[in-house]
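Please open the model in your viewer and keep the selection tool at hand.

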Amino acid sequence: TLRSLIRHPDAAHITLAVAHRCLMARSFPIAMGEYITLYTANPQEPLLPLCIGLCMLQTATNRKNQNKGHSAVVAMSWLEVYAELRSAAHAQEVAYNTGR
């Protein structure tokens with residue numbers, strides 16, 4: 001998928017696939033960069049702040065992170081953006097994903 005991204009840098013679905021793959025491979029900074037790139041192009045998509053918040057939470061729990069508190073606060077702010085983008089009709093889903 002990385003070769004496809006190089007060939008088609010503007011394809012959002014390929015960028016999302018690369019970001020998910022990096023997330024699963026525990027390459028959180030790379031995944032976060034791809035998610036933020038997508039978020040700047042699509043700020044109304046609620047999946048992206050959820051994934052960015054997840055990456056930030058994972059980096060906050062990393063033992064090499066010197067600023068864990070800051071990372072946790074930033075992660076919670078991204079989860080808040082996710083909650084705001086989802087409508088009130090999905091409040092149960094937001095609560096589940098935030099608590100998970």
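What follows is a walk through a predicted model, one selection at a time.

**Stop one: a loop residue**

Select R26. This residue sits in the loop that links helix 2 (12-24) to helix 3 (28-41). Look at its backbone: phi of R26 is near 65 degrees, a positive value in a residue other than glycine. Is R26 buried or exposed? Its relative accessibility is 59%, and the cut-off for exposed is over 50%, so R26 counts as exposed.

**Stop two: the largest pocket**

Rolling a probe the size of a water molecule over the atoms shows where empty space is left. The largest pocket has a volume of about 270 Å³. To see its lining, select L23, L47, L50, C51, L54, L57, L79, N97, T98 and R100. Which helix gives the most to this lining? Colour helix 4 (47-60); with five residues, helix 4 gives the most. Helix 6 (91-99) also supplies at least two residues of the lining. Now colour the lining by class: seven residues are nonpolar, two are polar and one is charged.

**Stop three: a pair of helices**

Two packed helices are described by the angle between their axes and the distance between the axes. Turn the view to look across the pair: the crossing of helix 5 and helix 6 is right-handed.

Note on methods. Residues numbered from 1 in each chain as written. Predicted model: local features only at pLDDT ≥ 70, side-chain atom pairs only at ≥ 80, totals over all residues. Heavy atoms only, no water. Helix = DSSP H or I, 4+ residues; strand = E, 2+ residues; numbered from the N terminus. Buried < 20%, exposed > 50% of the residue type's maximum accessible area, 1.4 Å probe, protein only. 1 Å grid on protein atoms, 1.4 Å probe; cavity = no way out; pocket = protein on both sides within 12 Å on 5 of 7 lines; lining within 4 Å. Points joined across faces, edges and corners; volume = space filled by probe spheres on them. Nonpolar A, V, L, I, M, F, W, Y, C, P; charged D, E, K, R; others polar. Left-handed = near helix turned anticlockwise from the far one by under 90°.
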